[in-house]
Amino acid sequence: MRHVLKATGATLAMLMAAACVQTTAPAGSGPDAASLADTLPDMPGTGPFPAIKEVVSGLPDHVLYRPAQLDGLGQTRLGVLLWGNGGCRADGASARQHLLEIASHGYVAIAPGSIRSGPGAPPAPPAERPHAGDAFPPVETTPEDMVAALDWLLAENARPGSGWYQRIDPVAIAVAGHSCGGLQAIKLSADPRIATTIVQNSGVLNPGSGNPIRGLTVDKAELNNLHAPVLYVLGGQGDVAWPNGMDDYARIDHVPVAAADLDVGHGGTFDQPNGGRAAQIVWRWLDWQLRGDQAAGTWFAGEDCQLCTSREWQYASKRL
């Protein structure tokens, strides 16, 4: 057996024990931190629909990622990915390579905020320091910002004359996020329109640890509000959110859930060209869950489950 976590009782007990190692931080800078990755150009992704990022007048406080040629979609209707930024910050370009890759496979991804990093970004302002008693600065974005983006897009999809008219599949809607943004995704997952949730390098803090994120409160009880399949993508035991994410996984028993773990740390592979290895897992999960693509599903389930035999990933699943 190579780098595989089977969802047996013994393994779940091990996961629960590991998750009891308390961390104080499910959130962090991740792809929001200034780095050499900011000098990379926006890449169009590896999918069949080369993608762009943009800010549109109808939704000025968000960054959209979409196929560049909407007229070239043919019969394809776009799925939707609502994105929560790392640190719950208002840098809608913080995961740009990841979101461009997703968009290139026939999705529109929307992140709250403006373009603060990478191409098109103004000089970065000084980062706000945490207040006394806070582990992190207060949030700059909220789950309500993500809902506003979805409401706008679905309204445009239904409005004759809109550039988005009938281009969106209104039942193919996912929510995802990195670190603090992953907590926003969990919070938003109670919305009945959400068909799947992806939590990246994140997890709800264990009971009794307090909440160091001013402006966002999420507790373990909210996992009970999940009503659709969930994928956790974690960065190994060097990921500060790993204990909390694996504890979430162990607690979720009422909906299908999977945990894919790659030893890259809390920052994941967001800054890598085309979003790196994590993005390849994410778009396949979306294709499986939102489009019923069985070839994509073989990455996660079945006799030929590819993640189950991966030399890079550790993987566990329940109810898939």
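Helices here are DSSP runs of H or I with at least four residues, strands are runs of E with at least two, and both are numbered from the N terminus. With that settled, R319 sits in the segment after β9 (313-318). This is a predicted model, in which local features need pLDDT of at least 70, side-chain atom pairs count only at pLDDT 80 or more, and totals for chains, interfaces and linings use all residues. Residues are numbered from 1 along each chain as its sequence is written, and side-chain values use heavy atoms, with hydrogens and water left out.

**The chain overall**

- The chain comes with seven helices and nine strands.
- Of its 320 residues, 57% are buried; buried means under 20% relative accessible area, exposed means over 50%, and partly exposed is in between (1.4 Å probe, protein chains only).
- Among contacts (heavy atoms within 4.5 Å) with a separation of 6 or more, 74% link residues 24 or more positions apart.

**α3 against α4**

- Helix α3 (residues 143-158) packs on helix α4 (residues 180-188) at an angle of about 65°, and their axes are 9 Å apart.
- Those axes are lines fitted to C-alpha atoms, for helices over the stretch in contact, and angles run from 0 to 180 degrees between N-to-C directions.
- The α3 and α4 crossing is right-handed, meaning the near helix is turned clockwise from the far one by less than a right angle.
- On the α3 side the residues are P143, M146 and V147, and they meet Q184, K187 and L188 in α4.
- Sorted by class, this contact of α3 with α4 has four nonpolar residues, one polar and one charged. Ala, Val, Leu, Ile, Met, Phe, Trp, Tyr, Cys and Pro count as nonpolar, Asp, Glu, Lys and Arg as charged, and the others, Gly among them, as polar.

**I186, a buried residue of α4**

- I186 belongs to helix α4 and is buried, at a relative accessible area of 2%.
- Setting aside neighbours within four places in sequence, I186 is in contact with V199, V204, V218, L223, Y232 and D248.
- I186 and T197 are eleven residues apart along the chain, and their C-alpha atoms are separated by 7.3 Å.

- Helix α5 (residues 242-251) is largely enclosed by the rest of the structure, because nine of its ten residues are buried.
- The buried residues in α5 are W242, P243, N244, G245, M246, D247, D248, Y249 and A250.
- Helix α6 (residues 276-291) has 16 residues and spans 23 Å from its first C-alpha to its last, close to the 22 Å expected at 1.5 Å a residue; the expected span is 1.5 Å times one less than the number of residues.
- α6 is mostly covered too, with twelve of its 16 residues buried, including W283, R284, W285, D287 and W288.

**Positive phi away from glycine**

- N201 has a positive phi, near 50°, without being a glycine.
- N201 lies in the loop between β6 (196-200) and β7 (230-234), and counts as buried at 2% relative accessibility.
- R319 isn't a glycine either, but its phi is positive at about 65°.
- R319 counts as exposed, at 56% relative accessibility.
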